[in-house]
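Dear colleague,

Please find below the structure that I am handing over to you. A summary of the findings follows it.

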Amino acid sequence: MPANITFLLVEGPHDAEFMARLLNLHGFEQRKTVSAIPELYRKLIPKDYPAKNEKGKEVPLTDPHPVPRFYQNVESWIFILIGGGSKSAQTLAKALRTSRIAGFTVDAIGVILDQDLEATPEEARDKFIAEFTKEQDLPITADFNIKPGILVQCPPRLGLFVLPDNNHTGALEDLLLECGEVQYKALKDKALSFRDDALGNADLTADDLAFYGKPGGLKEISKQKKAWVSAMGAVLMPSVAIQNSIRENRWLEDQALALPKVQAVQKFIDDLIA
Amino acid sequence: MNLLVGKNNSGKTSVLEALAIASNPTSATQWIDVGRERELKSARTPLLEVLGWFFPHDHPRENGYDGTAAMKVTLTDGRAVDIRAEYREFRQVEMTPEPEDGSDFVDEEPSEYAATLEIWLKNDPIGSLLEELPVIHEFSGRSFKDVGPGSRLVPCQLVTPVSHRTSRQLLAGIDQILEDRMKPEVIRLLQLLAPDVEDIEIRSPQGRGAVIHLYHSKIGHVPLAVEGDGMRRALGFASACVQARGGMLLLDEVETALHPEALSGVFRFLVEICREQRVQLFVSTHSLEAVDAMLASVGDDVSDLVAYHLPHRDSGQDVYRLGGESIRSMRSEGGVDLR
């Protein structure tokens with residue numbers, strides 16, 4: 001019997017690791033080498049390095065190579081596709097076309113968006129749909145005009161989840177800070193003081209703070225949350241990106257798994273791969 | 001610009017052959033010429049084997065073979081032409097007269113197969129055929145009777161991976177290139193492979209026959225037959241393209257004999273010359289370098305480019321068509337394998 005195949009599209013590597021932790025609860029393990037991935041699915045692995053962009057121009061050698069993450073349990077495979085911003089729809093479309101060429105059927109598609117600077121989850125969804133409908137030659141009909149968080153059985157089974165909980169403006173950092181509150185309470189509080197002290201430090205010039213955008217703006221709020229999480233990660237796993245800490249530390253263990261927002265994501269994943 | 005991709009045995013060559021036949025479907029010579037392009041002259045498959053395998057086979061071929069094939073061709077002016085062909089093999093028995101001396105009589109000589117090929121053409125734009133009557137060609141094991149010149153719908157040239165080893169079409173094409181004063185463009189193409197090539201000439205060494213020569217600045221005149229496969233193949237493309245003017249150029253396994261680094265230049269030439277000559281290009285390939293070279297050669301406007309992925313014939317899947325934008329997207333960001 002062919003394995004169940006799910007495409008799970010996320011916006012960045014840290015989202016991918018967060019979802020992977022939830023997948024681990026279902027017995028999914030990452031397959032990291034080409035030889036561990038069945039021939040049928042290997043077409044999803046990019047062939048060229050250095051990569052070229054849409055216009056055929058070279059992408060810098062320093063840019064990350066867009067390789068999906070492959071996860072397997074006893075009866076299913078989940079391929080986590082990392083998009084990001086306007087590339088998300090294109091990344092999913094490309095994977096769907098590739099599945100058609102490779103000759104395997106996709107049973108479910110989950111799209112995890114965030115809405116750092118968006119007003120509502122519906123707007124984040126609509127922005128994704130606007131990009132996705134531009135894509136041509138798709139082998140399946142996938143209409144994502146559905147309520148965020150709700151799955152439809154088409155097939156393929158389709159669902160779209162807007163972080164942090166399909167209701168509030170935010171991103172993965174909002175979930176991580178809630179997890180941090182129950183898993184690393186003292187560290188979280190110290191990291192907040194550190195961040196605020198550091199950002200208020202007169203040593204920092206306007207150029208140093210340009211990354212945060214206009215003071216009081218949405219971008220600044222979003223970046224400050226990221227700085228807060230990163231400050232915690234800098235202690236838990238120094239010198240590496242936050243996704244490593246998400247994978248290796250206790251962010252998504254014990255009481256964190258009982259948090260309503262985490263449970264909402266978990267339910268979405270459960271229903272998607274059911 | 002049409003790309004045909006898919007694994008071995010998915011039928012890419014069959015599609016090109018079907019297109020080549022459809023360009024002049026009622027000509028027996030066209031059928032045979034297309035079949036003969038599969039191999040070198042020295043390895044010729046018997047005539048009926050060549051013909052019979054144009055038709056679908058769903059069981060082992062025993063005691064003769066019958067087959068039917070149909071195709072609908074829509075021309076760019078909107079006219080649709082229906083082509084239907086029926087092929088029938090039968091035993092041709094030669095009777096030996098009964099011996100007068102009353103000795104043992106064997107009433108049949110060992111027989112050989114013969115065949116008929118009947119072709120119906122509906123909505124023939126040239127109007128050369130009666131609607132309800134087929135053209136009937138007869139084939140024996142060694143010869144055939146071609147009734148009439150055929151009904152050429154569009155000019156067409158098929159270039160197979162072995163075409164460059166024969167000079168059947170090449171001479172006529174080079175002649176056309178010289179007549180059309182296209183020599184400078186073709187020399188530039190050849191210089192991509194051998195920078196010291198300066199000229200193409202048809203010469204008659206020792207006053208016998210016409211032989212294509214290339215002039216190299218370092219070593220002088222060199223007969224084409226001793227040039228490398230890449231040079232012969234590139235020249236074959238140019239030659240076939242001018243002969244396909246206003247029609248179709250079919251290149252099977254385009255990357256054969258060409259170094260991947262030369263593909264970009266060769267494709268740029270092909271795209272340019274095909275646009276100039278109003279030729280629709282069909283290319284089959286197993287090479288991602290060829291796909292990328294094709295993409296690069298069409299520039300920013302990919303609307304003229306399309307790819308057809310042919311699934312394995314037992315997969316139960318249909319052919320999958322990808323437009324230029326989709327091909328570009330598939331090959332960007334590390335490029336997935338669309339073969």
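The notes below cover the overall fold, the domains and the contact between them.

This is a predicted model, in which local features need pLDDT of at least 70 and side-chain atom pairs count only at pLDDT 80 or more, while totals for chains, interfaces and linings use all residues. Residues are numbered from 1 along each chain as its sequence is written, and chains are lettered from A and ligands numbered from 1 in the order in which they are written.

Chain A contains eight helices and seven strands (DSSP runs of H or I with at least four residues, and of E with at least two, numbered from the N terminus). Its radius of gyration is 19 Å, close to the 19 Å that the globule rule gives for 274 residues, so chain A is as compact as a globular protein of that length; the radius is taken over C-alpha atoms, and the rule is 2.2 Å times the number of residues to the power 0.38. The C-alpha trace spans about 60 × 45 × 35 Å along its principal axes.

An automatic or database domain assignment divides chain A into domain 1 (4–169 + 263–273) and domain 2 (172–258). Their C-alpha centres lie 25 Å apart. Domain 1 brings 14 residues to the contact and domain 2 brings twelve residues, where contact requires C-beta atoms, placed from the backbone, within 7 Å. On the domain 1 side, helix α1 (residues 13–24) of chain A gives the most, with eight residues.

Yours sincerely

How values were computed
Two residues are in contact if their C-beta atoms, placed from the backbone, lie within 7 Å.
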